[in-house]
Amino acid sequence: MSGTRALLEVQDLQIDIVSAKHRHNVVENVSFTIDHGETFGLVGESGCGKSITALAMIGLLRSPLVISSGSIRFRDRELRGLPERELRKLRGNRIAMIFQEPMTALNPVSPVGRQIAEMFVLHQGATWHEAERKAVEALASVQVPAPEQRVKSYPHEMSGGMRQRIMIAIALACKPDLLIADEPTTALDVTVQAEILKLMKELCSARGTAVLMISHDLGVIAKMCRNVGIMYAGHLVEQRPVEAIFRSPSHPYTNGLLNSLPRLGSRGIHGRKRLQEITGVVPSISAFPAGCRFQPRCERASALCATTQPDQADLGDEGYVRCFHHG
Ligand SMILES: Nc1ncnc2c1ncn2[C@@H]1O[C@H](COP(=O)(O)OP(=O)(O)O)[C@@H](O)[C@H]1O
Ligand SMILES: [Mg+2]
């Protein structure tokens, strides 16, 4: 492990949807780095391009989506254009991924212990006998009760929270350097959500696993991450340490996301305080406005915003914002 170089370096990533007649931009100019053991959050409303950014990083984008430019360096190796065979060696092994709905990722006709064991056989050359013993340990590590019995269960015999624990066990089985978690708790009840986040945080921090956490919920990101990138309509509009975002949000979109969060103490004797929603919706990719993409929804917008894309402005706390009227 080289202490100085980042684990993951995404540089000027551009993703387009390409058909015979059209080319629509989906993600543009996205750059971020994740250091060894760092937790980085990507946040933005649904449809902002978070998932396809994650898929692009591990070579899972499929037509009509294409990476038009940029680079994705993982441990000093360019992943863009790497043959599928090489990518497959990385996925599940050096880079693991957890999705919102574990049922789509789990095999419904295979006992969960077998699915965890498979990781040890596939990526570490373990024998099935060895791998099944390690699967019991892996289940215990994600705090599944009675792991010796539970390995024999099928996914449909488990609750959503338990299934997500299985996904975490599978993801972390080979001690990856990076875990990408795309809305891992969005489908769960609030209490289960908190338990799963706590578990992920403890396991990753104990093992030094870096995390790219993706969520539409800034509250979830705040619990997990040190640094955060705010994504709007395919652009990273602000990137800062998480506490700086909460202390002094700079981009009007970040401000809007914060104001729509339920806060501690906001529920007084008069019941729940009304949360302020950001008015309007994320534009569809065929209708991105010129200039700043947030401008049609922005209270601070001026004539300049409608014609010109703002450059990155440094904020002096390792962060930046892209807005003419920030602060
Ligand atoms: N396979 C696809 N074909 C066409 N458009 C897509 C495809 N996948 C995603 N998109 C579009 O790309 C944009 C970003 O999607 P996504 O990354 O899933 O957003 P997020 O994860 O932030 O909710 C959306 O407008 C979505 O409709
Ligand atoms: Mg998504």
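Eight strands form an open sheet in the order β6-β7-β8-β3-β9-β10-β14-β13, with mixed pairing; strands are DSSP E runs of at least two residues, helices are H or I runs of at least four, both numbered from the N terminus, and two strands pair if DSSP finds at least two bridges between them. At the edges sit β6 (95-98) and β13 (313-314), each pairing on one side only. β6 runs parallel to β7 (residues 178-182) over 4 bridges, and Ile-95 has Leu-178 of β7 as its bridge partner.

A note on the model: it is predicted, so local features need pLDDT of at least 70 and side-chain atom pairs count only at pLDDT 80 or more, while totals for chains, interfaces and linings use all residues. Residues are numbered from 1 along each chain as its sequence is written, with chains lettered from A and ligands numbered from 1 in the order in which they are written.

Now look at α11 (residues 252-259): 6 of its 8 residues are buried, so the helix is largely enclosed by the rest of the structure. Buried here means that 20 or more other C-beta atoms, placed from the backbone, lie within 10 Å of the residue's own. The buried residues of α11 pack against β3, α9 (218-224), β9, β10 (235-241) and α10 (242-247).

Definitions and conventions
A residue is buried if 20 or more other C-beta atoms lie within 10 Å of its own, exposed if 12 or fewer, and partly exposed in between; C-beta atoms are placed from the backbone. Two residues are in contact if their C-beta atoms, placed from the backbone, lie within 7 Å.
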